[in-house]
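Biologist: Before we turn to the details, could you take me through how such features are read, one at a time?
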Amino acid sequence: MKGIVSLIVVLGAWQGAGWAGWLNPHLLPPPTEILQAFRETAAGGVLLGHALASLNRVLTGLFYACLVALPLGVLAASSRRVRGYLQPLIELLRPIPPIAWIPLAVLWFGVRGDRASNFITFVAAFFPLFLHTFSGVRHIEQLHLNAARSLGASRRMLLLDVALPSALPFIITGFRISLGFAWMCVIGAELIASTSGLGYMIEINRSMLNTANVMCGMITIGVIGYLMNEGIMLLERRFSWRPLQ
Amino acid sequence: MTGSIFSIKNVSKSFKDPKSGDSLPVINDLSLEIKGGDFVSIIGPSGCGKTTLLYQMGGFLRPDEGTIHYKGQPVLAPHPERTVIFQEYGLFPWKTVLGNVEFPIKARGALPAERREIALKYIKMVHLNGFENSYPHQLSGGMKQRAGIARALACQPEVVLMDEPFASLDNITREIMQEEILRLWSEVGKTFILITHHLDEAIFMSRRVIVMDARPGRVKESVEIDLPEPRTPEVKSHPRFAALKKHLTRSLREEVEKTIAFAKEPVPAAEVN
């Protein structure tokens, strides 16, 4: 309730300032104009097309990140030797923001097509997913491992029936963080290295001084990011075997 | 000794103190023979190494010195034939009761349909039918324990090693579970080894009670419990029960007093009991 009140107050003041002529509409168009921009971009399917392009890149990057990060995380958690090899590498690469990879991605993959952006979302999604899988598997209770061993579990069962389900709540959290991060980074990638997507849309409208469309794109980015996060939180609650407090 | 299922000879074990790096002896030159089919309790003051001993028998820890043989073979790793019921049961919280009990059956390679059927048999044995699809956190302490026992029995073990399995149960549930385990013991005819610091429990349930010295642990004495079988709660008012309890209380008390003098910290009253 309080959230809605503050939203209305801000929007009202903003609109009021617009009507009073205090705002330069090229720099900060009032809400009604942004609404109008929504109607226009939605009508032609332009907005949906850009949104789907961005989502597609995020999901592609996330898919490949899962493919690499999950097995690597499990491996690093269960083998001291693998951990020894991987740790310095990961620790050196991790502080590099995914958007800092954009120039390289452009050189490698060009700005046409999805590959540069897919690469950026992969980089963004990889680290949270890897680290959460790693710590999920590392946090298996010794009691559960001992129980499994005294019940005759094979290595395969230790992995599939103990390690992975035990780590699943961590992994889903990692997945959620990866998704959010990849979503932020895909927009960054599209600003520079793409010819479609919401990032491209706000950048191209910026260059045409079509500020209402820029903000319409920004709001869409926010809403989609919010919905994805809420969706995974539902999933987290559903698949968490930990009793909820 | 004939008929020994476990043969423990001159076992010593120490742990490194993580802070000082000093070696802390926990078990010192312990020898023990356990007969197949017996119900044996091991009691001793806190920190006497009884859990360490159990973990060594289970194959989770190796002795520093000495040997542990199971059926004539050295114990090198855990095996479902010598399964363990842990203090907190170690149920997998991400699996239902059925999933937990199926685990050891799956581990030995049974097909899903067969798995289910065998698991249901054990679930019924511990009177947990109707709760097959419940998760551990939905169960009471006693029910969790039943699930843990069903899972252990599903290993078709020769030996069931129990590490203070009643520690987190209230008194009434504890007594009920003691009787349950005795019933299962006589049904399956296997060897049960119980770690406890509860004297009444040890006397009531066992054919033999092993008293351990204060740290570093060693067998202080081994007492045959010549009470009538099958054990019913009435046994506790048997004059022989009182006599055994008196004897064992004194024996255990001496050790507990040593630990108090040694560690200079109070030991909870429940320990002496």
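Modeller: Let us begin with exposure: a residue is called buried under 20% relative accessible area, exposed over 50%, and partly exposed in between, with a 1.4 Å probe and protein chains only. At 47% relative accessibility, B:Lys71 therefore counts as partly exposed. Please keep in mind that this is a predicted model, in which local features need pLDDT of at least 70 and side-chain atom pairs count only at pLDDT 80 or more, while totals for chains, interfaces and linings use all residues. Residues are numbered from 1 along each chain as its sequence is written, chains are lettered from A and ligands numbered from 1 in the order in which they are written, and side-chain values use heavy atoms, with hydrogens and water left out.

Biologist: With which residue does B:Lys71 meet in a salt bridge?

Modeller: A salt bridge is a side-chain nitrogen of Lys or Arg within 4 Å of a carboxyl oxygen of Asp or Glu. The partner of B:Lys71 is B:Glu81, at 3.2 Å from N to O, and B:Glu81 is likewise partly exposed, at 26% relative accessibility. Over all chains, the search finds 23 salt bridges.

Biologist: In what order do the six strands of the open sheet in chain B run?

Modeller: Strands of a sheet pair through backbone hydrogen bonds, either parallel or antiparallel. Two strands count as paired if DSSP finds at least two bridges between them. Here the order is β6-β7-β8-β3-β9-β10, with mixed pairing. Because β6 (82-85) and β10 (219-224) of chain B each have a single partner strand, they stand at the edges, and one side of each is left without a neighbour in the sheet. Strand β9 (residues 208-212) pairs with β10 of chain B in the antiparallel sense over five bridges, and B:Arg208 has B:Glu224 as its bridge partner in β10(B).

Biologist: Which residues touch the most other members of the largest nonpolar core?

Modeller: A nonpolar core is a set of buried Ala, Val, Leu, Ile, Met, Phe, Trp, Tyr and Cys residues joined through side-chain atoms within 4.5 Å. This one has 92 residues, and A:Leu198, B:Phe6, B:Leu53 and B:Ile193 touch the most other members. Helix α8 (residues 155-193) of chain A supplies the largest share, 14 residues. A second, separate core of 52 residues includes B:Ala147, B:Ile149, B:Val160 and B:Trp185.

Methods
Helices (H or I, at least four residues) and strands (E, at least two) are DSSP runs, numbered from the N terminus.
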